[in-house]
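Please report on how the two chains meet. Cover the charged pairs and any nonpolar surface patch.

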Amino acid sequence: MKKGTSLLKFLTRIEGLPVAAVLAVLYGVLIIVAPRVFTGFRIYMSFLQTVPPVLVCALGLTLVITAGEIDLSFPAIVALSGFIFAWVFKKFDAPWAPWAGFILALACGALVGYINGLLVAKIGVPSIMATLAAQFFWYGATILLANGLQLNIKDVTTSIVHTIFVGRINIGQVPVPMQAIWALGLAIFLWFILNRHKFGEEIMFIGDNANVARVMGIDVVATRIKLFTVMGVIAAFAGLLLTLEINVFFPTQGSGFLLPTMAAVFIGGTSIAGGLGSITGTFFGAYIIGSLEAGVVATTISGYWVQLIEGIVMGASVVLNIIIEEGHIATTFNRIRHWVRPDQPNTKYEGN
Amino acid sequence: MAESPVERNALRMVNIEKYFGLVCALRKINLEVGSNEIVGLIGDNGAGKSTMVKILTGVFPPTSGEIYIAGNKVDLRNYNVKRAHEHGVETVYQDKSLGEKQVLWRNFFIGREITLPFGFLNVKKEKEIANEIMVNTIGFRGKGITVDSKVSKLSGGERQGVAIGRAMHFEAELIILDEPTVALSLKEVAKVLNFVHKIKEAGKACIYISHAMADVYEISDRFVIMDRGEIVADMAKKEISLKALDEFLLEYSHGMKDKVEL
Ligand SMILES: Nc1ncnc2c1ncn2[C@@H]1O[C@H](COP(=O)(O)OP(=O)(O)O)[C@@H](O)[C@H]1O
Ligand SMILES: [Mg+2]
C-alpha cells in the first residue's frame, strides 16, 4: 500500500502526465462511445490539422501566465498576421512573395507584442487592460486594412512555404500534417526555454515575486518586454499556420481562439497565480480542448451538449491539477483507503 | 596586500544623502565597516535604514555622496544590483530574497546563472554547487531538504540560511541583513544568528539591521543608531553594555519626543 502511494506520488510528479492521462481517458471513452469514428486514424489526423494554431498560441500564453501576466491580444495578432501574409502573397506574384509575407507577418507580431510589452513593463498598465485594448485596436486595424473582405490565396498551395509548414509528411503510411510537427517542435523548444534557460528562469521568478527578481539583479522591465514580444511572434506564427492551412485569410480569423487557448493552458496545470508553468501540460491540454468538440459531436449526442461536457472536463482537470500541486495526493489516497477499509489505521500524511 | 588600514574597510560611505522629492530620507551619512566587523544598525521604523541598504545594493542611487567598497570607489551613475554583486555587496531581506515557488538550486543562482552556450542553464553544475553550499557553508543536513526542494517547504530561519549561504558563496565582502528575523519565532531567530556567526568566521563583514535589541547586541562588534535619516550614535560593543544600550535608546526616543513637543 505504501509503495502504491509513493508510486502514485512519483507518477504525478512527472510533468504533464496527469493531463496526458486525462487525454487518454477521453480518447478511451470516445473509442467506446463512437468506435467507428475513433478507431480510424482519419479523425486523429484531423485533430493534428486543426489543433496546432490554438496549441501554438497556448504555448506562448503559458510563458506569459507563468510570468504572472496575461495576453488577450493574440487573437488579433492571428488575424493581422494572416492578413499580412495573404496581402503580400497576392500583391507580389513572385517566388519570394510567400517568404516575404511570412517574415513580415512574424515581424508585425513582434511589433504588436513589443508595444504590449512597453505598455505593461515601462508604463505600468496592467496587462489585462493593455492587451484588451490591443486586441480591439489591432483587430479593428486588420478589418480596416482588409476592407472587411477575405483574401483567397489558393495558389499558395504550390509554394514551398506551404509544403514546409502545412504540407503532409508520411510517417509510416500515415500522412501527418506538418503544422503538428512544427507545434510539437515549438513545444519542445519552449519547454527547454522555460525549464533550462536563463530567460525561462527569469520568467518564473518574475511571476513568483517581481520584487525578489529585481533585488536579485534581473532586469524585470526588459524581460517583460521580451516576453510580450515573443508572445507576439508566436501568435503571428499561429496565424500563419491557420491561413496557410485553409488557403484563405478571413477578417474574423482567430476571434474564436481566446477561450480555447486559455482553457488549454489551465487544463495543462499552469497556475493563474504565476511562478510555475507547464509546457507539457499545455500541449496535452490543447489536444483535450481540440478533441472534445469533434469528439462529442461524433458520439451523436446532441450538439447542445458540447459546451457542457467541455466545462466538465475542464473543471475536472483543473481540480485534479490543484490536488496534485498542493501535495494532497497522499492524503486523498489515504482517505479513500480509509473509506474502503475503515479498520486500517488512517496513516498520518507525511508532509513533503 | 600592503594596503593602509583605512583602505581595508569593507565599506566607507561619505556624506550620503537621499531625497525623495523634497523629503529627506538620509542626511550626511558617514559610515565605515571594517573588513571583518559586524555592525548592528538600529533605528525606529522610518529611520532610513532600508533606504541606506537600497543605495548600497544599487536599487536606487543616492542624491549625493560617495561610496567605497573594499577601498574601491563606486561609480554611482552606473550602479545597479549586478554591479553591487560584482563589488561584493550581498543583501538578505526580511522576505524578498527567495522565490517561494522555486526550487532551491534555482534560488542559489538566480541572476548569476552558470550557463552553457546560448544562455542555457548548466543544471548539473548548479545543483552540485548548491548542494555543496547547503552541506558545507550553511550546514543543512538531513531533514529531507535537498536542492530540489521548493522554498515554500522551508521554515523562516532556513530560508534566511539559504540566502546567507548564497551570499557567502558569491564571495561577498559585505553582507547586509535587513531585518532578517522580523517574522520569526525565537527558535528560528537562533538559527539565523547562527548563520550570522558563520559570516564572522568566514572573515567577512556584515551590517545587521534590526530593532530587536537583544540579538543585535549578541552578535555585533559595533552599534550604529539611526534616527530620522541621521546617524545619532556610533559605539563599540566594549563601550556599552546591553542594559546601557537599551537605556540609551529609550532615553533617546524620549528625547526626541520632547523635541517634537517643543
Ligand atoms: N521609494 C520611496 N519614495 C518615497 N519615500 C520613501 C521611499 N522609500 C522610503 N521612503 C521614506 O524614507 C523614509 C525612510 O524609510 P526606510 O528607509 O524604509 O526606513 P526603515 O527601513 O528605517 O524603517 C521613510 O519616511 C519613508 O517613508
Ligand atoms: Mg526597513
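Helices (H or I, at least four residues) and strands (E, at least two) are DSSP runs, numbered from the N terminus. Leu11(A) lies in one such run, helix H1 of chain A.

This is a predicted model: local features need pLDDT of at least 70, side-chain atom pairs count only at pLDDT 80 or more, and totals for chains, interfaces and linings use all residues. Residues are numbered from 1 along each chain as its sequence is written, chains are lettered from A and ligands numbered from 1 in the order in which they are written, and side-chain values use heavy atoms, with hydrogens and water left out.

**Interface**

Contact means heavy atoms within 4.5 Å. By that rule, 23 residues of chain A are in contact with 28 residues of chain B. The buried area is about 2300 Å², and carbon and sulfur atoms give 59% of that. Buried area is the accessible area (1.4 Å probe) that two parts lose on being put together, summed over both. Lys101(B), Arg106(B) and Ile110(B) supply 26% of what chain B buries against chain A, more than any other three residues.

**Salt bridges**

A salt bridge is a side-chain nitrogen of Lys or Arg within 4 Å of a carboxyl oxygen of Asp or Glu. Over all chains, the structure holds 19. Two salt bridges cross the interface of chain B and chain A.

| Chain B residue | Chain A residue | N to O distance |
|---|---|---|
| Arg106(B) | Glu201(A) | 2.8 Å |
| Glu113(B) | Lys198(A) | 3.5 Å |

Glu113(B) sits in the loop between H3 and helix H4 (123–137) of chain B, while Lys198(A) is in helix H11 (residues 198–208) of chain A.

**Nonpolar patch**

Leu7(A), Phe10(A), Leu11(A), Ile14(A) and Leu17(A) form a nonpolar patch on the surface, with about 440 Å² of accessible area together. Patch residues have over 30% relative accessible area and no salt bridge; like charges are joined within 9 Å, nonpolar side chains (Val, Leu, Ile, Met, Phe, Trp, Tyr) within 5 Å. Accessible areas come from the Shrake-Rupley method with a 1.4 Å probe; for residues, only the protein chains shown count as cover. Helix H1 (residues 2–13) of chain A gives the most to the patch, with three residues.
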